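This briefing describes a single protein chain for readers who work with computed structures. Please consult the sequence and the model while reading the points below.

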Amino acid sequence: YGDKGAAIIEHTLIALFPASAELTAAIRPLLLAQFMTYFMVPYVATLLIADDYSPTTVVKAHKIMVASSDAGSLIHPANDDDAELEEI
């Protein structure tokens with residue numbers, strides 16, 4: 001899904017799970033941005049890929065995500081002047 005997909009996933013997660021004292025305590029010592037970037041966004045992307053390639057496993061979907069990440073960044077860059085992405 002590239003950088004654009006990562007941005008959409010991250011903003012969706014932030015909207016669904018806004019920062020709170022409980023969330024901050026649960027992910028400590030990480031900051032919310034770090035937790036989203038390194039754990040939640042890749043996890044959700046892996047689940048979406050697994051759904052796209054159904055039937056497949058999460059492990060295979062993760063391998064697909066890693067193998068295709070360079071291509072995804074080229075095809076779906078975050079900075080492409082996409083007005084729809086800016087609205088999200």
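A residue counts as buried under 20% relative accessible area, as exposed over 50%, and as partly exposed in between. Leucine 30, with a relative accessible area of 31%, is therefore partly exposed. The model is predicted, and its secondary structure comes to five helices and zero strands.

**Overall architecture**

- From the N terminus on, the elements of the protein chain follow the order α-α-α-α-α.
- Taken along the principal axes, the box filled by the C-alpha atoms is roughly 35 × 35 × 20 Å.
- The protein chain has 88 residues, and buried residues account for 19% of them.

**The largest pocket**

- The space in the largest pocket is about 300 Å³.
- Its lining consists of 16 residues, and those nearest the centre of the pocket are Tyr1, Gly2, Ala45, Met65 and Ser69.
- Two or more lining residues are given by each of the elements α1 (2-16), α3 (32-52) and α4 (58-75).
- Helix α4 supplies the largest share of this lining, with seven residues.
- By residue class, the lining of the largest pocket holds 10 nonpolar residues, five polar residues and one charged residue.

**Loop between α2 and α3**

- Both leucine 30 and proline 29 are placed in the loop between α2 and α3, where α2 spans residues 21-27.
- The peptide bond that joins arginine 28 and proline 29 is cis, with omega at about 20°.
- Leu30 also belongs to a nonpolar patch on the surface, which it forms with Tyr38 and Phe39.
- Together, the residues of this patch have about 340 Å² of accessible area.

- Valine 44 is a residue of helix α3.
- Valine 44 and serine 54 are 10 residues apart along the chain, and 15 Å separates their C-alpha atoms.
- Serine 54 is joined to proline 55 by a cis peptide bond, with omega near 0°.
- Proline 55 itself is located in the loop between α3 and α4.

- Aspartate 82 has its place in the loop between α4 and α5.
- In sequence, aspartate 82 and histidine 11 are 71 residues apart, while their C-alpha atoms are 15 Å apart in space.
- Glutamate 87 is found in helix α5, which covers residues 83-87.
- With a relative accessible area of 70%, glutamate 87 is exposed, because this value is over 50%.
- Glutamate 87 and alanine 21 are 66 residues apart in sequence, and the C-alpha to C-alpha distance between them is 28 Å.

Terms used: Residues numbered from 1 in each chain as written. Predicted model: local features only at pLDDT ≥ 70, side-chain atom pairs only at ≥ 80, totals over all residues. Heavy atoms only, no water. 1 Å grid on protein atoms, 1.4 Å probe; cavity = no way out; pocket = protein on both sides within 12 Å on 5 of 7 lines; lining within 4 Å. Points joined across faces, edges and corners; volume = space filled by probe spheres on them. Helix = DSSP H or I, 4+ residues; strand = E, 2+ residues; numbered from the N terminus. Nonpolar A, V, L, I, M, F, W, Y, C, P; charged D, E, K, R; others polar. Patch = residues over 30% accessible without salt bridge, like charges linked within 9 Å, V, L, I, M, F, W, Y side chains within 5 Å. Areas by Shrake-Rupley, 256 points an atom, 1.4 Å probe, with all protein chains shown as cover. Salt bridge = Lys/Arg side-chain N within 4 Å of Asp/Glu carboxyl O. Buried < 20%, exposed > 50% of the residue type's maximum accessible area, 1.4 Å probe, protein only.
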